[in-house]
Amino acid sequence: MSLFADVPQAPPVAVFKLTADFREDSHPQKVNLGVGAYRTDDCLPWVLPVVKKVERLIVEDNSLNHEYLPILGLPEFRSAASKVALGDDSPAIKDNRVGGVQALGGTGALRIGAEFLRRWYNGVNNTSTPIYVSAPTWENHNGVFADAGFKDIRPYHYWDAAKRGLDLTGLLDDLEKAPEHSVFVLHACAHNPTGTDPTQEEWKKIAEIMKRRKLFVFFDSAYQGFASGNLDKDAWAIRYFVSEEFELFVAQSFSKNFGLYNERVGNLTVVAKDNENLTRILSQMEKIVRTTWSNPPSQGARVVSKTLNCPELFAEWKGNVKTMADRVLFMRDELKSKLQALGTPGTWDHITQQIGMFSFTGLNPKQVEFMIKEKHVYLMASGRINMCGLTTKNIDYIAQAIHEAVTKVQ
Amino acid sequence: MRGLSWMQMGPPDPILGVTEAFKRDTNPKKMNLGVGAYRDDKGKPFVLSCVRKAEALIAAKQLDKEYLPIGGLGDFTKACAQLALGANNEVLSSGRNITVQTISGTGSLRIGANFLSRFHGGSRDVYLPKPSWGNHTPIFRDAGMQLKAYRYYDPSTCGFDFRGALEDISKIPEQSVILLHACAHNPTGVDPKQEQWKEISDIVKKRNLLVFFDMAYQGFASGDIDRDAWAVRYFIEQGHNILLSQSFAKNMGLYGERVGGFTVVCKDIEESKRVESQLKILIRPIYSNPPMNGARIATTILNTPELRLLWLEEVHGMANRIIKMREQLVAGLKKSGSSHNWQHVIDQIGMFCFTGLKPEQVERLTKEFSVYMTKDGRISMAGISSGNVGYLAEGIHAVTK
């Protein structure tokens, strides 16, 4: 009898199943508003012009080879990536207490950070430290921390469905009530899936409680630049917490803002109390990396590093990022206008108030099912849509579909 | 003791330590024999021509950068499995394998270890050969498995302890996991002969053990990809449903691109689907989906006839250079006047050689000759060139006479 006779069939990951179903659909007007990847107005993937340029430079550079990177990754990438998050003039960087661990995408950065916290935070191998993730949150957060060994993963109030905005009271209450030293996973900007971010004043309130209650700050920053179009604005929360002298982690992804999805480019930025602590932390990070992937892939890190470390390329990149962010902002405006013009019941302000790639439409599961089955518009059961899937060519069809879902299906 | 601040410094990596010390040495004749990456006869990293050609082809295609599936590039996993098993393997035609793209060999072993930890109904024990690659132990341990060992290397002969291995394996509790190096054993360079593999297969079958092959050097050992995969294919033929880790770091020189594969040979296609679904559940919370660049290069090489031929030549070339260095080292030792038996240097295979040097001799070799290697007497043949093999022979002779 096979050793694997009892291995159960696992359910498919929802967001990829959605895309698979979309692919099989032959309806001429089908639209995929599922997976979080940018699309042009022609609904095509977009390799950033600056990326094309830099990749050409890399291919033509015969002095480059395919040797192993150091365990923690390409040094120029790590420092540039942390700088992008914390700012050129970051006092923490000046104090030499910031380090980076190059990782496989934002996921990889989260996982390395989670593994480290489970081993060394709040005691040794304290798997019972509570991990708080927003309700709702990116579905993989749960898996990352669970597989890193944490046994107690809890939601914190975040999305207020009734008012279609941030449940600040609930959030602050959860912070007050969380056991000391609990870990909170915060979305730095462009919250996934709701697109709803705290205001600066709200962030300040959050920080105050977290400091008082000794809660650990773990930022997930997957959309820097992509949210508002401005790198510094999107990093405001991170930089505020650093200025408030928190020791913290930032899991950075360059999948979206560099369009480097499949190259798996990420960085875990560590802000420690001082250089001595940073050195010890990084030494332990190395051990974790060594048994996970040994050393990270070089291609994507080279592209990002070359771009961030060269003023002209950096400026070009910022322009490319703004192009993407602007198109999303435009689609938000358009969708709201069209729904209002159609007289679709309800308020649709949240579409333009929300930020980043995603919008929590407020559609309920039945309405979502209608959208998929009847209108061939594919979105997540939560009502989350990827704004990048909207184009000037399909927006009327989509607005009409939403209108029908809301009016026909309760 | 609550924040981040209190944990200790992690111990330095023993192999990295060698490289660090080498870098600091100012002796112009210094040699770094700790390096685990191939070097050409001038001591330089070697980017294969087939890789450069593949990169040019890929660049011209202007492909997008959309996420790969969790299990990786389909064309890659197919070609990867074919390379290991042989294109005509019944396993492939029946579809009863699941092969996923992984982060090179390490990532493959880790996924395998995680899978065993979660689903292996039998024992939690993984048996490694003694010695084995240094990273095997922490990988399996971090995945929640326990490590045990079976005799492998015989220091008195610098060869394979065949009797010891069979004895130990015959005592391994049923349903334990046994890890085997498919070829070019790391760190000893000592591989079983085919007749010995056959006996190992028999006893492993008798003991009902789950076989996990680590194949990091296919093509790189003998220069022949089919010959190097012989043990893997034989075991499958003999009915073992194996786990297999593959790396393309060495045989395609794609080290930093992190290209690898993990395969489970299942009972049937239905089981392979279940296993695949669970592998995805394991992979997603580690890195979501694997990196494209290296996998595309490897696939292009394997699936483009001219490039595949070129690759086979280049792999053969790398293996040959190493074999030549082995021969020249032994010749040099004889010429220096050494009376010891150095046959094992030629009998061993692959990138590494267990010289048989004792720690004190290694220390002298480093201090007096600036030859850097690990304390266990292991040298990387890749660090030797026709320009310095004579110097190395003199040094080894000096510390062993």
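Me: Where is B:Pro187?
Reply: B:Pro187 sits in the loop between strand S7 (177-181) and helix H8 (194-206) of chain B. Helices here are DSSP runs of H or I with at least four residues, strands are runs of E with at least two, and both are numbered from the N terminus.
Me: And what kind of peptide bond joins B:Asn186 and B:Pro187?
Reply: A cis one, with omega about 20°. Keep in mind that this is a predicted model, where local features need pLDDT of at least 70, side-chain atom pairs count only at pLDDT 80 or more, and totals for chains, interfaces and linings use all residues. Residues are numbered from 1 along each chain as its sequence is written, chains are lettered from A and ligands numbered from 1 in the order in which they are written, and side-chain values use heavy atoms, with hydrogens and water left out.
Me: What about the bond from B:Lys130 to B:Pro131?
Reply: That peptide bond is cis too, with omega near 0°. B:Pro131 is in the loop between strand S3 (125-130) and helix H6 (136-142) of chain B.
Me: Which phi does B:Arg258 have?
Reply: A positive one of about 60°, although B:Arg258 is not a glycine. You'll find B:Arg258 in the loop between strand S9 (243-247) and strand S10 (259-265) of chain B, and at 2% relative accessibility B:Arg258 counts as buried.
Me: New topic, helices. At what angle do H12 and H13 of chain B pack?
Reply: H12 (292-303) and H13 (305-336) pack at about 100°, with their axes 5 Å apart. The axes are lines fitted to C-alpha atoms, for helices over the stretch in contact, and angles run from 0 to 180 degrees between N-to-C directions. H12(B) and H13(B) are therefore roughly perpendicular, a label for 65 to 115 degrees (under 35 is roughly parallel, over 145 roughly antiparallel, the rest oblique).
Me: Which residues meet there?
Reply: B:Thr300, B:Ile301, B:Leu302 and B:Asn303 in H12(B) meet B:Pro305, B:Leu307, B:Arg308 and B:Trp311 in H13(B), with contact meaning heavy atoms within 4.5 Å.

Terms used. Buried < 20%, exposed > 50% of the residue type's maximum accessible area, 1.4 Å probe, protein only.
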